[in-house]
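Me: I'd like a close look at one part of this structure, please. Could you pick a part and show me how its pieces sit together, with the cut-offs as you go?

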Amino acid sequence: MRKQGVKIEKISETPFQSLLLSFFVVNSQSNKFVMSFKIRYIFIVLSLLLCSEINSMADDFNPKREFRGAWLHVIGQSQYQKKSTKECKKYISSQLDKLSEAGCNVVIFQVRPCADAVYKSDLEPWSEWLTGKRGRQPNPIWDPMQYTIDEAHRRGMEFHAWLNPYRVTSSSKEVLQENHLSNKQPHRFFKYNGQVFFDPAYQENREYICNVVEDILKRYDVDGLHIDDYFYPYPNGKVKFCSDSESYAKFGEGMNIGDWRRKNVDLLIEMLHNRIKEVKPWVRFGVSPFGIWRNKKSDPRGSDSNGLQNYDDLYADVLLWDQKGWVDYFAPQLYWQLDLAAAPSRKLVKWWNDNIKNADLYIGQEVKRTMDNADPGNNDDDELDTKMKLSRMYKNIKGNIWWHGYWVTENYKGVADSLSLKYQSTLALPPVYGQTEKRPQKIDNIRIEREGEDIFLTWDNPEN
């Protein structure tokens with residue numbers, strides 16, 4: 001047996017419990033307040049009953065297990081470039097503190113924005129979004145991914161490493177070094193809308209991306225591996241996408257070009273799934289797709305919407321991936337207003353709930369649009385309350401992810417206050433994953449121990 005434990009930071013109470021406690025504390029010290037034993041007894045019994053009822057209501061609204069994530073992106077965040085190593089560490093720690101205080105239990109941290117690395121890598125260059133120039137290492141040297149993993153785990157939060165698989169540059173202004181793979185083997189890449197991308201048609205590109213993932217899995221204690229919504233490039237209405245015409249002529253074999261592109265993406269998703277499960281089967285593979293699979297006018301199985309489509313425009317067949325069991329969780333980006341005509345998130349939440357059958361489902365919520373738009377039907381100045389209720393009323397939805405986490409940590413229009421005081425006011429464990437029929441052995445000798453001013457819940461843990 002070995003000793004194990006956790007520091008007790010704070011004891012959460014419902015507002016009513018706090019009121020009762022303050023009532024007893026104030027009045028137990030008051031000479032003016034006298035209560036007979038019988039009245040005190042009745043009052044205590046009623047108070048306990050009320051507390052039990054309120055706790056029951058709180059449990060219904062604050063599940064014991066719920067995915068409460070936040071995306072922390074590095075691309076476009078120039079503050080990392082402007083900070084010293086010490087300042088960056090302090091900044092990341094402060095972000096995690098604030099997310100934890102808002103009730104979040106998962107951080108999804110961007111570690112590969114553009115075929116680069118926000119961590120020590122022998123496969124790809126340091127990210128310019130960290131140091132200001134692609135390939136320039138931090139000075140003094142440090143490993144942001146390792147630091148964030150340690151800080152997240154220290155707070156009891158999961159860490160999911162977020163990668164963009166295909167994007168190499170974010171704009172036409174970026175200049176790649178002469179020895180960059182896209183310059184040495186240009187046939188494996190294409191350009192569109194001023195950006196450079198890996199061509200999904202090439203098997204060596206799929207292998208390369210999987211090798212990057214395997215390197216992360218073997219060297220870092222990540223809880224999840226997360227990719228976002230960028231598969232084939234988002235279409236530019238002014239320029240038709242045909243940048244892969246050469247690879248289509250080479251590999252297409254007469255297939256419909258849309259089906260062929262979807263097959264290329266399917267192959268990567270399947271390979272990523274297999275590689276993750278071979279290396280660390282307990283690490284969860286998550287995908288955060290665009291919020292519309294297909295519109296109903298394109299497919300009777302589609303949603304009541306009229307926007308861009310994963311299947312037709314990004315060549316991502318999300319329902320196939322779920323059917324095949326290649327993805328552990330989906331986090332569709334339902335960033336729109338509740339009743340936006342082209343993409344009503346109120347209806348899309350239900351569509352995703354009804355159509356994801358095998359993977360876990362979490363809803364990607366945009367903080368700014370949620371807090372900027374009133375909800376007259378709920379007599380609210382924002383849509384937060386209704387969106388939280390919707391995410392908890394459908395049985396297949398097991399949490400939310402906030403885009404982006406910096407709006408949470410900045411408490412945009414009071415969103416962090418609302419999460420910490422109401423919607424995420426109680427501690428929650430992330431959803432169970434893995435072989436749930438296998439349980440650890442029972443722990444023994446649970447006890448409270450004090451070390452100085454700190455209090456610990458301690459137990460003896462079986463060696464295995």
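Reply: Among contacts in the protein chain between residues at least 6 apart in sequence, 71% join residues at least 24 apart; a contact here means heavy atoms within 4.5 Å. This is a predicted model, where local features need pLDDT of at least 70 and side-chain atom pairs count only at pLDDT 80 or more, while totals for chains, interfaces and linings use all residues. Residues are numbered from 1 along each chain as its sequence is written, and side-chain values use heavy atoms, with hydrogens and water left out.

The part I'd pick is the barrel. Eight strands close into it in the order β2-β3-β4-β7-β8-β9-β10-β11, with parallel pairing. Helices (H or I, at least four residues) and strands (E, at least two) are DSSP runs numbered from the N terminus, and two strands pair if DSSP finds at least two bridges between them. Strands of a sheet pair through backbone hydrogen bonds, either parallel or antiparallel.

Take the β7 and β8 pair. Strand β7 (residues 224–227) runs parallel to strand β8 (residues 284–287), and four bridges join them. In this pair His226 stands opposite Gly286 of β8. Helix α6 (residues 144–154) packs on the sheet, where it touches β3 (106–112) and β4 (158–163), and its direction makes about 150 degrees with that of β4. For that angle, axes are lines fitted to C-alpha atoms, for helices over the stretch in contact, and angles run from 0 to 180 degrees between N-to-C directions.

Thr148 lies in α6. With 0% relative accessibility, Thr148 counts as buried; buried means under 20% relative accessible area, exposed over 50%, and partly exposed in between (1.4 Å probe, protein chains only). Not counting residues up to four places away in sequence, Thr148 touches Ile92, Leu96, Phe109 and Phe159. Thr148 and Phe109 are 39 residues apart in sequence, yet their C-alpha atoms are 8.1 Å apart in space.

Tyr329 has Asp360 of β10 as its bridge partner. Strand β10 (residues 360–366) is mostly covered, with seven of its seven residues buried. In a regular strand the side chains alternate between the two faces of the sheet. In β10, Asp360, Tyr362, Gly364 and Glu366 point one way, and Leu361, Ile363 and Gln365 the other.

Next, follow the chain out of β8. Asn295 sits in the loop between β8 and α11 (310–314). Asn295 is buried, with a relative accessible area of 1%. Its side chain reaches the backbone nitrogen of Asn306 at 3.3 Å. Leaving aside neighbours within four places in sequence, the contacts of Asn295 are Gly302, Ser303, Ser305, Asn306, Gly307 and Gln309.

How far is the model to be trusted? The protein chain averages a pLDDT of 89, with 86% of the residues scoring at least 70; pLDDT is the predictor's confidence in each residue, from 0 to 100. Over residues 11–37 pLDDT stays under 50, and the model has 20 contacts beyond four places in sequence for them. Residues 53–59 also stay under 50, with four such contacts.

Definitions and conventions. Polar contact = N/O pair within 3.5 Å; in protein donor to acceptor, adjacent residues only side chain to side chain.
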